[in-house]
Amino acid sequence: MTTDPLARELYEGITQGDIRSLSRGITLIESTLEKDMMAADSLMDQCAEFSGKSHRLGITGVPGVGKSTFIESLGLRYCEAGHRVAVLAIDPSSLRTGGAILGDKTRMEKLASHPHSFIRPSAASNTLGGVARKTRESIILCEAAGFDRILIETVGVGQSETQVRMMVDTFVLLMLAGAGDELQGIKRGIMEMADILLINKVEEESDAEAREAISDYRSALHLLGSTDTGWNPGVWSVSSLTGRGMDQVESAIQEHWEHLGSDGSLQKLRQAQDLNWFEEALREELFKKWSADRQVGSKLEELKEAVKGGEISPLRAARKATSD
């Protein structure tokens, strides 16, 4: 197979730890242009050997819970310990304009300026799960560049965050004490998938509201039982701003990582994630090829108009589109 010249150039730069090449590589795989997609496939094939060479962490929680501040605090600790840290920060996109704020570098100024870090904001667009369409590929490129701690900050909109679980090793859920019952439904949808639960913005360990929240969540986790890997999730309070509790958090994350590696759970988890990635990519490619057919495209437009006019139900229209 002939290697694309651009892909080869980027591969050489990325594997030498060149940040500019890494940024260009991620831009390439995010492109939807046909010529770029071919080069991106070539680049991913070359970087495949580096896949899995990092501890991948997903950080999620409701908006305003302090995800960026937490990531900066944890990331700086990792950098100071000699790790190389990549942050893939998923920014919310407007459903009307497709625009995104993409301001995570300004929210993590100290981490962004550290020589051992790399921060890449990407727009979530309409992707279910709040994770940018090419996040998986970005992870592998970061691993090829030598980053051994990869933190994924998600949009934080609740139950749709489940997709991030299928691309990380350790899933951290941030919450607030006393946020009100209106958030319980959002929390419960992802709480059962979390490996570590943190009550953030707790400045004092004696905070009564935080202690009550910890007790409630520990009771809930006890009822849920252990995760698929046999891990028993814990709950801690933390202040990302002052650093209180961060030692415990870092220890808990490391303990979970060691737990995954102790009995083959990590390998099984990565295999399940790769299969999930394959199935998602297959669905996307099949739909792309199918809808590109002119006759199919014409039929789809007719069915869309019929759905908008109330002439046919969306489910019936979908079945009709694929029936012939």
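**View 1. Serine 21 in helix α2 of the predicted model.** In this predicted model, serine 21 sits within helix α2, which spans residues 19-30. Serine 21 counts as buried because its relative accessibility is 8%, and buried residues are those under 20%. The side chain of serine 21 is joined to the side chain of aspartate 18 by a polar contact of 2.6 Å. When residues up to four places away in sequence are not counted, serine 21 touches Leu10, Gly13 and Ile14.

**View 2. Aspartate 36 in helix α3.** Helix α3, made up of residues 34-47, contains aspartate 36. With a relative accessibility of 14%, aspartate 36 counts as buried. Its side chain makes a polar contact of 3.3 Å with the side chain of lysine 35. If neighbours within four places in sequence are left aside, the contacts of aspartate 36 are with Leu28 and Ser31.

**View 3. The buried side of helix α11.** Helix α11 runs over residues 246-262, and its 17 residues reach 24 Å from the first C-alpha to the last, close to the 24 Å expected at 1.5 Å a residue. The buried residues in α11 are Met246, Val249, Ala252, Ile253, His256, His259 and Leu260. These residues lie on the same side of α11, because they cover an arc of only 145° around the axis. The partners against which the buried residues of α11 pack are the strands β1 (55-61), β5 (170-176), β6 (196-200) and β7 (234-237), together with the helices α4 (67-80) and α12 (265-292).

**View 4. The other face of α11 and the residue that follows.** On the face of α11 turned away from its buried side are the exposed residues Asp247, Gly261 and Ser262. After α11 comes glycine 264, whose phi is positive and near 85°.

**View 5. Lysine 201 in the loop between β6 and α10.** Lysine 201 belongs to the loop between β6 and α10 (208-224). Its phi is near 65°, which is a positive value in a residue other than glycine. Most residues other than glycine have a negative phi. Lysine 201 counts as partly exposed, because its relative accessibility is 47%.

**View 6. Residues 94-101 and the confidence of the model.** The protein chain has an average pLDDT of 85, and 85% of the residues score at least 70. Over residues 94-101, however, the pLDDT is below 50, and this stretch has 11 contacts in the model beyond near neighbours in sequence. Where pLDDT is low, the predicted coordinates should not be read in detail.

Methods. Residues are numbered from 1 along each chain as its sequence is written. This is a predicted model: local features need pLDDT of at least 70, side-chain atom pairs count only at pLDDT 80 or more; totals for chains, interfaces and linings use all residues. Side-chain values use heavy atoms; hydrogens and water are left out. Helices (H or I, at least four residues) and strands (E, at least two) are DSSP runs, numbered from the N terminus. The expected span of a helix is 1.5 Å times one less than its number of residues. Buried means under 20% relative accessible area, exposed over 50%, partly exposed in between (1.4 Å probe, protein chains only). The arc is that of the directions from the helix axis to the C-beta atoms. Contact means heavy atoms within 4.5 Å. A polar contact is a pair of N or O atoms within 3.5 Å; within protein, one must be able to donate a hydrogen and the other to accept it, and residues adjacent in sequence count only if both atoms are side-chain atoms. pLDDT is the predictor's confidence in each residue, from 0 to 100.
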